[in-house]
Amino acid sequence: QVTEESLQADSDADSISLELRKPDGTLVSFTADFKKDVKIFRALILGELEKGQSQFQALCFVTQLQHNEIIPSEAMAKLRQKNPRAVRQAEEVRGLEHLHMDVAVNFSQGALLSPHLHNVCAEAVDAIFARQEDVRFWLEQGVDSSVFEALPKASEQAELPRCGQVGDRAKPCICRYGLSLAWYPCMLKYCHSRDRPTPYKCGIRSCQKSYSFDFYVPQRQLCLWDEDPPG
């Protein structure tokens, strides 16, 4: 299975973006905003019209960016591909990260969290999710609390079933969505040479990483992909 990706870097805005299409047609984008310590995952999921869904459904997941998980934007801006059609295999497969998204992000105030949020999550106005622990970090960084809205409390959510176990499409449930970044430059490589006193940058290391997001939906209809495998 080959995934086509496009990577972009903006060293002025100190950000990186990656876009790829999943085999089922879903468009996934990943944005790393180094200035604000924010990363944004967005999925545009094609709707199944015969199931009464709209043409597509958009989800946005916003989490804290750790600076060691991807190369800096100025290094990304310098990357060149000799052969854009080459099929590349990630050198390192990083473990699946499971995230429980228990806070909603208020789209109208989203620019206070990251200036990229308005563009990236424009189609997902009512489906932008974050995590309590990341929210605490951002509040300490001075982000205004009006950006975040409470979802049903964790204790109430804990009692809700997974969407895959719910037959009634009008009932609330906990939805799971998974995505994978097939190839991204996760680290800089440094080389040593006799005639240079300090190690110098001489390439990148590539990684693949998968994410799984759990989040509250008020209706099962909003999570039709999350089916329990037939037992």
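The second largest pocket holds about 400 Å³ of space. A pocket here is an open set of points on a 1 Å grid over the protein atoms alone, where a 1.4 Å probe fits, with protein on both sides within 12 Å along at least five of seven lines. Points are joined across faces, edges and corners, and the volume is the space filled by probe spheres set on them. The model is predicted: local features need pLDDT of at least 70 and side-chain atom pairs count only at pLDDT 80 or more, whereas totals for chains, interfaces and linings use all residues. Residues are numbered from 1 along each chain as its sequence is written, and side-chain values use heavy atoms, without hydrogens and water.

The second largest pocket is lined by 22 residues (an atom within 4 Å of a point). Closest to its centre are Ala124, Val125, Asp126, Ala127 and Ile128. The largest share, 4 residues, comes from β5. By class, the lining has 17 nonpolar, 2 polar and 3 charged residues. Nonpolar covers Ala, Val, Leu, Ile, Met, Phe, Trp, Tyr, Cys and Pro; charged covers Asp, Glu, Lys and Arg; the others, Gly among them, are polar.

The largest pocket has a volume of about 1,000 Å³. Its lining comprises 34 residues, with Thr3, Glu4, Glu5, Arg88 and Trp183 nearest the centre. At least two lining residues come from each of β1 (5-10), β2 (15-21), β10 (173-193) and β11 (196-217). β10 gives the most, 6 residues. The lining divides into 17 nonpolar, 9 polar and 8 charged residues.
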